[in-house]
Amino acid sequence: MLLRRTFGWTGFLILQSFTLKKYSAELSLTALICLMGTLEGTVVSLLTVPLGVVVLSESIHLGSVIGTIFIIAGL
């Protein structure tokens, strides 16, 4: 999973460098990237919350799982 994220981030940076060469308005490009990130985050959260309820039973609380993810991501 870590390797997949690394390749995804690398691909995003390469795509961003090509985009900056063709589209020189950096501020509006940054706003567009933030908008797309917001949309992507919304879609991912709308998909994972119902799936998390189905996959995780009542014995595992979703809040503790999310807290663990934040702690590991912070390290």
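Tutor: Let us begin with the surface, keeping in mind that this is a predicted model. The accessible surface of the protein chain comes to about 6800 Å², and the part of that surface that belongs to carbon and sulfur atoms is 75%.

Student: Which pattern does the protein chain follow along the sequence?

Tutor: The protein chain has three helices and zero strands. Read along the sequence, the elements of the protein chain therefore give a pattern built from helix runs, as helices and strands are taken from DSSP runs, and that pattern is α-α-α.

Student: What percentage of the residues of the protein chain count as buried?

Tutor: A residue counts as buried when its relative accessible area is under 20%. With that cut-off applied to the 75 residues of the protein chain, the share that count as buried is 3%.

Student: How far apart are the end C-alpha atoms of residues 27-47?

Tutor: The UniProt record, an unreviewed entry, places the feature "transmembrane region" at residues 27-47 and 53-73. In the model, the span of residues 27-47 is 100% helix and 0% strand, and its end C-alpha atoms lie apart by 30 Å.

Student: Is the aromatic pair of Trp9 and Phe12 stacked, edge-to-face or tilted?

Tutor: The count comes to one aromatic pair, and Trp9 and Phe12 form this pair at 5.4 Å centre to centre, with 35 degrees between the planes. Both residues lie in helix H1 (residues 2-22), three residues apart, about one turn of the helix. Because planes under 30 degrees apart count as stacked and those over 60 as edge-to-face, the pair of Trp9 and Phe12 is tilted.

Student: Does Trp9 count as buried or exposed?

Tutor: The cut-off for exposed is over 50% relative accessible area. Phe12, at 30% relative accessibility, counts as partly exposed, whereas Trp9, at 52%, counts as exposed.

Student: What distance separates the C-alpha atoms of Thr30 and Gln16?

Tutor: Thr30 has its place in helix H2, and at 43% relative accessibility Thr30 counts as partly exposed. Thr30 and Gln16 are 14 residues apart along the chain, and their C-alpha atoms are separated by 9.9 Å.

Definitions and conventions:
Residues are numbered from 1 along each chain as its sequence is written. This is a predicted model: local features need pLDDT of at least 70, side-chain atom pairs count only at pLDDT 80 or more; totals for chains, interfaces and linings use all residues. Side-chain values use heavy atoms; hydrogens and water are left out. Helices (H or I, at least four residues) and strands (E, at least two) are DSSP runs, numbered from the N terminus. Buried means under 20% relative accessible area, exposed over 50%, partly exposed in between (1.4 Å probe, protein chains only). Accessible areas come from the Shrake-Rupley method with a 1.4 Å probe; for residues, only the protein chains shown count as cover. UniProt positions are given in the numbering used here, feature names are shortened, and annotations may be inferred rather than shown by experiment. Rings of Phe, Tyr and Trp (its six-membered ring) pair if their centres lie within 6.5 Å; planes under 30 degrees apart count as stacked, over 60 as edge-to-face and the rest as tilted.
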